Amino acid sequence: AGRALAESRLALRRRDPELAERALAAAGLPDWHWLHAWYSGLIALAREDARSAARAFTTVREALPGELIPQLALGLCAELRDDLAAARSHYGAVFDTTPALGAAGFGLARVHLLAGERTEAVGTAVRLAQEFRYEREARVAAVRLSVVILEGSAHREPTGDDLERARAGLDGLDVDAAAAAALRAEMGYAHFL
């Protein structure tokens, strides 16, 4: 079973869900086993079938209560289905429990942004920046989220406070000159809207 699951993982990395499914079948796991459900969910995601993936990851979550990774996967499925409330709930639960799981923090910030909630998105990125492993990426995200144009939102353009927050976030940010110039350009564009 281990070799077949390794083949399934490799096929998924190569974006070949059909081969991944054949390898999963060769693993001989019963349909009720959580590993079968996990791989079925990954295969469904590879096929861009977020609903089927969510059903599979729900099975994993029920089999392994308290595990955060299935809940993170459910957040992604909800996000892909544009169910922002469910995505926020899943990502938020994982991020509140284990902030060091960066994917949950970035997912939560993304969902806030999609919902037009700039302040919440920036706050999530700032909170994630407290985790050493993600500090630089999260601080860059906080600057960018502060000045991004929110399509379809009543508060489309950043405010003066948002621009000031972005400037303050850029101070002392450890990025190369090109990245700093790009961030300043984004801030400049937002300033002249």
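Trainee: Let me start with a helix. Which residues in H5 are buried?
Mentor: Some ground rules before that. This is a predicted model, where local features need pLDDT of at least 70 and side-chain atom pairs count only at pLDDT 80 or more, while totals for chains, interfaces and linings use all residues. Residues are numbered from 1 along each chain as its sequence is written, and side-chain values use heavy atoms, with hydrogens and water left out. Buried means under 20% relative accessible area, exposed means over 50%, and partly exposed is in between (1.4 Å probe, protein chains only). In H5, the buried residues are Leu68, Pro70, Gln71, Leu72, Ala73, Leu74, Gly75, Cys77, Ala78 and Glu79. That makes 10 of its 13 residues, so H5 is largely enclosed by the rest of the structure.

Trainee: What covers the buried residues of H5?
Mentor: Look for contacts, meaning heavy atoms within 4.5 Å. For H5, the cover includes H3, H4, H6 and H7.

Trainee: How do those helix numbers work, and how many helices does the protein chain have?
Mentor: Helices (H or I, at least four residues) and strands (E, at least two) are DSSP runs, numbered from the N terminus. Here the protein chain has 11 helices and 0 strands. Buried residues make up 40% of its 193 residues.

Trainee: Which residues of H7 are buried?
Mentor: Gly102, Ala104, Gly105, Gly107, Leu108, Ala109, Val111 and His112. Their cover includes helices H5 (68-80), H6 (84-97), H8 (118-128) and H9 (135-147).

Trainee: Now the rings. How many aromatic pairs are there?
Mentor: Rings of Phe, Tyr and Trp (its six-membered ring) pair if their centres lie within 6.5 Å; planes under 30 degrees apart count as stacked, over 60 as edge-to-face and the rest as tilted. The count comes to 2 aromatic pairs. Trp38 and Phe57 form a tilted one, 4.9 Å centre to centre with 55° between the planes. This pair links distant parts of the chain, 19 residues apart: Trp38 is in helix H3 (residues 34-46) and Phe57 in helix H4 (residues 50-63). Trp38 is buried at 19% relative accessible area, and Phe57 is buried at 0%.

Trainee: Why is the pair of Phe106 and Tyr134 edge-to-face?
Mentor: Because the planes of Phe106 and Tyr134 sit at 85°, with the ring centres 6.1 Å apart. Phe106 lies in helix H7 and Tyr134 in the loop between H8 and H9, so the pair ties together parts 28 residues apart in sequence. Phe106 is partly exposed at 26%, whereas Tyr134 is buried at 17%.

Trainee: One last residue. Is Asp162 buried or exposed?
Mentor: Asp162 is buried, with a relative accessible area of 6%. Asp162 lies in helix H10 (residues 160-170) and touches Arg118 and Ser146, not counting residues up to four places away in sequence.
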